Amino acid sequence: MEPRKASLGRSAARAGSFLTLGYIFLRIGATAFGGLGAALALVERELVAKRQWLTAADVTEALTYTKLLPGSTVVQVVAYLGYKLGGWSGSAVATAAFVIPSALMMLALGAAYVSVTAVPAMRPAINGLTAAVVGLLLATAYRLGRANIPDRITLGIALASIVAGVVLGVSAALIVVVAGLLGVCLYALPFRKQATQEDTP
Amino acid sequence: MILDLFTRCVLISLLAFGGGQAALPLIERLAVGETGWLSPQDFATAVAFSYVTPGPVLIITTFLGYQAAGLAGACVATLGIFLMPWVLAATAAQQLQRFMQHPWLQHFGRAAAPAVVGLLVVTALHLGRSAFSSGVYVGIAGIALPLAMWTKLHPILILLGGGVIGAVYGLLKGIETL
């Protein structure tokens, strides 16, 4: 844990000004077509692969814990990562910068509403776009799955959550909470002594 | 009116467990059922717009606010829907840095992460259910998946490609029916 904390401190310093942070998230916000899947891909590219201000584990952590909270997950992932990079102000800058481009576009669409809906090719184009989003989301699931599903237990949890979500229609928050509590039971309780020995400094 | 819009958006955001798409039914009930700010057709188009624009699906509230009360309405609705989720997420990031060391929380995260991966698949299937009205769209998803997995192609290009193929298919189908 300690070296990771140190690397976070460094990355915050490297982020330098909030101006850079704002500019990066303004660009991500303007190009994250397709919501969560696309935004995650862009954050991975910009902040993990290219600039290395964040690790893949940071992104997964943000996704895991913001899924528990009510509200737009993609905005909360940005808010969470923004906090990691620059505290409350970093989070505010990143979140505002991320939302502004799409809000402006939505405003323009709202103003031009009547003429846009008159275009007959709109519906199949949107269907095609949504279909591509499906592919992107599945690819993101594959990438995150490779990092987070190391054994049969976790694979079972992932499959069970798909079944619970699709077949039984259980709410996402409930699925995440139940899976997490299951993890506490599975990993912590049977090996309690061992675990406490390992974790006490 | 403006205050009403703001409080309703804040309330919806606090009930949106499971992300933005989980809140769409709540927004429909507010905008179409309770207030009549949007017709059902307007709402369907607004949902499509929210998918076409980059960023969060809940940006649909900007459209809703604009239709309900102009520019001020758009600003207030957008602020309302994202304010509390932002506070909650930043607070979570702050508190977790302090409590991440607790083994129970790590076990929680270790098991919750694969569940989140599963939920991404669920969201993909939900979207697919609404979009796969023809084999062409299934094909688009089938091409997009390996492109996103194994090439360095930018996500926007993949999405644009999907939109263009859909539009072309729509035009061809339109010509056929004529």
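Tutor: In chain B, 46% of the contacts with a separation of 6 or more are between residues 24 or more positions apart; two residues are in contact if their C-beta atoms, placed from the backbone, lie within 7 Å. The corresponding share in chain A is 53%. This is a predicted model, in which local features need pLDDT of at least 70 and side-chain atom pairs count only at pLDDT 80 or more, while totals for chains, interfaces and linings use all residues. Residues are numbered from 1 along each chain as its sequence is written, and chains are lettered from A, ligands numbered from 1, in the order in which they are written.

Chain B has seven helices and zero strands, where helices (H or I, at least four residues) and strands (E, at least two) are DSSP runs, numbered from the N terminus. Chain A has 10 helices and, again, zero strands. Its elements, read from the N terminus, run α-α-α-α-α-α-α-α-α-α.

The part to look at is helix α5 (residues 73–111) of chain A. Among the elements of chain A, α5(A) has the highest mean pLDDT, 93; pLDDT is the predictor's confidence in each residue, from 0 to 100.

Start with its partner helix α4 (residues 56–66) of chain A. The two pack at an angle of about 130°, and their axes are 9 Å apart. Axes are lines fitted to C-alpha atoms, for helices over the stretch in contact, with angles from 0 to 180 degrees between N-to-C directions. α4(A) and α5(A) are therefore oblique to each other, the class left once angles under 35 degrees count as roughly parallel, over 145 as roughly antiparallel and 65 to 115 as roughly perpendicular. On the α4(A) side the contact is made by A:Asp58, A:Ala62, A:Leu63 and A:Thr66. On the α5(A) side stand A:Thr73, A:Gln76, A:Val77, A:Tyr80, A:Leu81 and A:Lys84. The residues of this contact divide into five nonpolar, three polar and two charged (nonpolar: Ala, Val, Leu, Ile, Met, Phe, Trp, Tyr, Cys and Pro; charged: Asp, Glu, Lys and Arg; polar: the others, Gly among them).

Helix α2 (residues 18–31) of chain A also packs on α5(A): the axes come within 7 Å and cross at roughly 45°. This pair, α2(A) and α5(A), is therefore oblique as well. Its contact has 15 nonpolar and six polar residues, with no charged ones.

Now the setting in the two-chain model. In it, 93 residues of chain A are in contact with 88 residues of chain B. Elements of chain B that give two or more residues to this side include α1 (2–15), α4 (60–99) and α5 (103–131). α5(B) gives the most, with 25 residues. By class, the side of chain B that touches chain A has 62 nonpolar, 25 polar and one charged residues.

How far can chain A be read? Its mean pLDDT is 80, with 81% of its residues at 70 or more. Both ends fall below that mark. Over residues 1–10 of chain A pLDDT stays under 50, and the model has three contacts for them beyond four places in sequence. Residues 192–201 of chain A are also below 50, with three contacts beyond near neighbours in sequence. Helix α10 (residues 192–199) of chain A has the lowest mean pLDDT among the elements of that chain, 44. Where pLDDT is low, the predicted coordinates should not be read in detail.
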